[in-house]
Amino acid sequence: MPVNRSRRTTFSTRAAVLTLALSVLALTEPAYAGETPGNTQGSDTEQSGGSDSTGIYATAKIQYSGSVAKGGATGNVTSADVNWTPPPCWYAPYLGAKDFKKKMSESIDDAMSTPGMGGTAGSAIGELQRHYEDDYGWTDTPGYKDYNVDKDGKGMFWAAVENPNEPDLFKRTSCTDLPFWVDNGEAPPPQYEQAISPEVLAGLAYQHMQLPDTKVTLAPAANTKVNLPTWAWLDKAVFDEVQATASIDAPGLDIQATTTATPVSLKLEPGTTDATTYPASGECAINADGSIGEPYAQGKSAQTPPCGLRYLRSSGDGTYSLRATITWDIAWTGTGGAGGDLPDGTFGSDQAITVQEIQAVNR
């Protein structure tokens with residue numbers, strides 16, 4: 001018969017169960033896996049694995065496609081919002097009832113038979129066993145009778161997945177709820193806010209997106225003169241929107257999200273304070289045809305470029321590091337008509353510029 005307890009007691013007992021279970025239940029090794037694509041455009045990569053605090057590792061795979069980093073690595077997008085971060089962990093389909101029972105019950109039996117297992121640790125493992133075998137639950141967290149084997153094939157147990165690209169261990173292991181059951185075609189219970197969803201997938205696609213390393217065209221190119229305007233531009237042909245998709249396909253669950261990055265501006269940073277940018281802000285807006293700036297043409301040397309810069313001092317025996325950073329507007333769409341905006345992304349690259357004095361000839 002289900003047992004309902006107060007929230008305070010629930011949290012206290014659950015904390016003990018999770019902490020102790022982590023140290024005594026070792027069900028499997030981490031399974032972070034990735035297939036290295038041949039290139040970053042139109043590529044596929046799969047990532048699986050991650051654990052909850054019982055040591056169980058979710059097996060549902062997230063597949064990435066489109067313009068994504070190789071081998072499941074983090075892409076090169078920097079969020080313009082310093083407060084935004086991709087999901088550090090989430091809950092995803094793990095195993096059917098019979099398979100879950102086999103794996104969990106074997107680990108519980110092994111732990112309980114370990115010499116010296118008793119006291120608080122033994123009680124914690126005992127509560128875990130009662131939760132899945134004897135319908136032992138609490139508020140908003142029902143127990144299960146014999147691991148739900150009578151519903152095998154009609155749903156799955158979901159477990160926590162750590163984001164292997166999250167450097168903060170505390171955040172990565174913050175999904176601490178015990179594995180829970182979800183019927184096929186049904187949404188996870190509302191208290192599991194970090195359950196995998198199109199929005200979570202959109203954040204992961206953002207994290208893995210690989211923006212093109214587009215080099216800005218300059219005139220003059222790598223060598224210019226003091227006080228000579230340098231024109232900068234990007235043609236639409238090499239500067240277009242980029243898409244990355246994250247999807248997951250498991251029994252009763254087939255969802256995806258696609259993030260689309262659209263270029264909106266180019267920022268020029270000359271690498272020295274002895275320079276003037278055009279426009280003065282250094283922000284070159286995108287043109288109606290999708291390009292940025294204007295190509296230099298013969299006869300324009302005396303004109304002010306719509307996008308460019310002018311160096312006021314020689315670089316001497318060295319060079320200035322011109323940084324060109326593109327800002328991308330990023331939005332997402334997903335299964336079921338879901339969608340929204342994500343923080344603007346930026347990606348920049350450096351170009352070495354030699355600035356020479358104009359030599360005068362005295363007669």
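**Entry 1: aromatic residues**

Which residues form one aromatic cluster? I found Y94, F100, Y132, Y144, Y147, F157 and W181 in it.

Before going on, I noted that this is a predicted model, where local features need pLDDT of at least 70, side-chain atom pairs count only at pLDDT 80 or more, and totals for chains, interfaces and linings use all residues. Residues are numbered from 1 along each chain as its sequence is written, and side-chain values use heavy atoms, with hydrogens and water left out.

My search of the whole structure gave 16 aromatic pairs. Rings of Phe, Tyr and Trp (its six-membered ring) pair if their centres lie within 6.5 Å; planes under 30 degrees apart count as stacked, over 60 as edge-to-face and the rest as tilted.

I looked up two of these pairs. For Y132 and Y144, the ring centres are 5.7 Å apart and the planes stand at 10°, so this pair is stacked. Y132 belongs to helix α3 and Y144 to the loop between α3 and β5 (155–162), so the pair ties together parts 12 residues apart in sequence. Helices (H or I, at least four residues) and strands (E, at least two) are DSSP runs, numbered from the N terminus. Y132 and Y144 are both buried; buried means under 20% relative accessible area, exposed over 50%, and partly exposed in between (1.4 Å probe, protein chains only).

The second pair is W231 with Y296. Their ring centres are 5.7 Å apart with planes at 65°, so I logged this pair as edge-to-face. W231 sits in strand β9 (residues 230–234) and Y296 in the loop between β14 (292–293) and β15 (308–311), so parts 65 residues apart in sequence are tied together. W231 has 1% relative accessibility and counts as buried, whereas Y296, at 34%, counts as partly exposed.

**Entry 2: helices α2 and α3**

How do the axes of α2 and α3 cross? The axes of helix α2 (residues 97–112) and helix α3 (residues 119–133) come within 10 Å and cross at roughly 155°. Axes are lines fitted to C-alpha atoms, for helices over the stretch in contact, and angles run from 0 to 180 degrees between N-to-C directions. That angle makes α2 roughly antiparallel to α3 (angles under 35 degrees count as roughly parallel, over 145 as roughly antiparallel, 65 to 115 as roughly perpendicular and the rest as oblique).

I also noted that the crossing of α2 and α3 is left-handed: the near helix is turned anticlockwise from the far one by less than a right angle, while clockwise would be right-handed.

On the α2 side, F100, M104, I108, D109 and M112 make the contact; on the α3 side, G122, I125, G126, L128, Q129 and Y132 do. Contact means heavy atoms within 4.5 Å. I sorted these residues into seven nonpolar, three polar and one charged. Here Ala, Val, Leu, Ile, Met, Phe, Trp, Tyr, Cys and Pro count as nonpolar, Asp, Glu, Lys and Arg as charged, and the others, Gly among them, as polar.

**Entry 3: the loop between α3 and β5**

I went back to the loop that holds Y144. Leaving aside neighbours within four places in sequence, P142 is in contact with H131 and G137. P142 and H131 are 11 residues apart in sequence and 8.2 Å apart in space, C-alpha to C-alpha.

D146, in this loop, is not a glycine but has a positive phi of about 50°. N148, also in the loop, is not a glycine either, and its positive phi is about 65°. Buried or partly exposed: which is D146, and which is N148? D146 is partly exposed at 29%, and N148 is buried at 10%.

**Entry 4: cis peptide bonds**

I found a cis peptide bond joining A219 and P220, with omega about -5°. P220 lies in the loop between β7 (217–219) and β8 (223–225). The bond from Y278 to P279 is cis as well, with omega near -5°, and P279 is in the loop between β12 (275–278) and β13 (283–285).

**Entry 5: the whole protein**

I logged five helices and 17 strands. Of the 363 residues, 47% are buried. Helix α5 (residues 198–208) is mostly covered, with 10 of its 11 residues buried.
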